[in-house]
Amino acid sequence: MATHRFRLLLVVVAMMSIAVAESVLEDVMQQQQEGWEPADAGGYRTYLVFLATPTEAELNEFIKDGGGGGEDDVIAAHRAWHQSFLPSTRTSLGGPRLLLSSLHTGIYGFTARLTEDELKVVSGKPGFMHAYPDFFCSKDSVEF
């Protein structure tokens, strides 16, 4: 009998812990979303997209013919590989699709303006790791 009460108490405590954790997680997600850059009229917002580092063979596919593999060629190859993740060369609004930045030192990935649907396409490609929407920082939220 005491064992059943103890098990019941454990179940109740576990359920309460889960409920508290879900509540805290919802609060954190709400706070994060409030700081996100709002989507524009076309549904675009800036995302930081993290990728797995490509193999040398994958990267070599993007070195232009005649390129000697120098530093400029490698940087251009990284940028071209990042560009290959984007769903199209033009936005749904008709403008050219551009990478805002191509990151290959320290962290690997790129920033670009994408809709949520376009992000789903990007996230389905091999090498995709994670994406974060751009967010605003106030001077009160940054510590030095």
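Let's start with Trp 81: at 8% relative accessibility, this residue counts as buried, where buried means under 20% relative accessible area, exposed over 50%, and partly exposed in between, with a 1.4 Å probe and protein chains only. Before I go on, a word on the ground rules. This is a predicted model, where local features need pLDDT of at least 70 and side-chain atom pairs count only at pLDDT 80 or more, while totals for chains, interfaces and linings use all residues. Residues are numbered from 1 along each chain as its sequence is written, and side-chain values use heavy atoms, with hydrogens and water left out.

Back to our tryptophan, then. What is the partner of Trp 81 in an edge-to-face aromatic pair? The partner is Phe 85, at 4.8 Å centre to centre with 80° between the planes. For the rings, Phe, Tyr and Trp (its six-membered ring) pair if their centres lie within 6.5 Å; planes under 30 degrees apart count as stacked, over 60 as edge-to-face and the rest as tilted. Phe 85 is buried as well, at 3% relative accessibility. Phe 85 also pairs with Phe 110: the ring centres are 6.5 Å apart and the planes sit at 45°, so this pair is tilted. Helices (H or I, at least four residues) and strands (E, at least two) are DSSP runs, numbered from the N terminus. By the ring rule there are four aromatic pairs, and ring pairs join Trp 81, Phe 85, Tyr 108 and Phe 110 into a cluster.

Now let's step back to the fold. The chain has four helices and four strands, and along the sequence they follow the pattern α-β-α-α-β-β-α-β. The strands form an open sheet with the order 2-3-1-4 and antiparallel pairing; two strands pair if DSSP finds at least two bridges between them. At the edges are strand 2 (99-103) and strand 4 (128-133), each pairing on one side only. From one strand to the next, the twist averages 25°.

Let me walk across the sheet. Strand 2 and strand 3 (residues 109-114) pair over four bridges, and here Ser 102 has Phe 110 as its bridge partner. Strand 3 and strand 1 pair over six bridges, with Gly 109 in strand 3 as the bridge partner of Phe 50. Strand 1 then pairs with strand 4 over five bridges, where Leu 48 stands opposite Tyr 132. Strand 1 is mostly covered, with five of its seven residues buried.

And the helices? Which residues of helix 4 are buried? They are Glu 118, Leu 119 and Val 122. Seen down the helix axis, these buried residues fall within an arc of 100°, so they line one face of helix 4; the arc is that of the directions from the helix axis to the C-beta atoms. On the other side, Glu 116, Asp 117 and Lys 120 are exposed. The cover over the buried residues of helix 4 includes strand 1, strand 3 and strand 4.

In soluble globular proteins, nonpolar side chains tend to be buried together. Here the largest nonpolar core has 17 residues, and those with the most contacts inside it are Val 49, Leu 51, Phe 110 and Leu 114. By nonpolar core I mean a set of buried Ala, Val, Leu, Ile, Met, Phe, Trp, Tyr and Cys residues joined through side-chain atoms within 4.5 Å. Our friend Phe 110 is buried at 0% relative accessible area. Leaving aside neighbours within four places in sequence, Phe 110 is in contact (heavy atoms within 4.5 Å) with residues including Tyr 47, Val 49, Leu 51, His 82, Leu 99 and Val 122.

Is Thr 53 buried or exposed? Thr 53 is exposed, with a relative accessible area of 58%, and it is found in the loop between strand 1 and helix 2 (56-60). The C-alpha atoms of Thr 53 and His 104 are separated by 8.2 Å, although these residues are 51 apart along the chain. For the chain as a whole, 23% of the 144 residues count as buried. Thanks, everyone!

Definitions and conventions
Axes fitted to C-alpha atoms, helices over the stretch in contact; angles between N-to-C directions.
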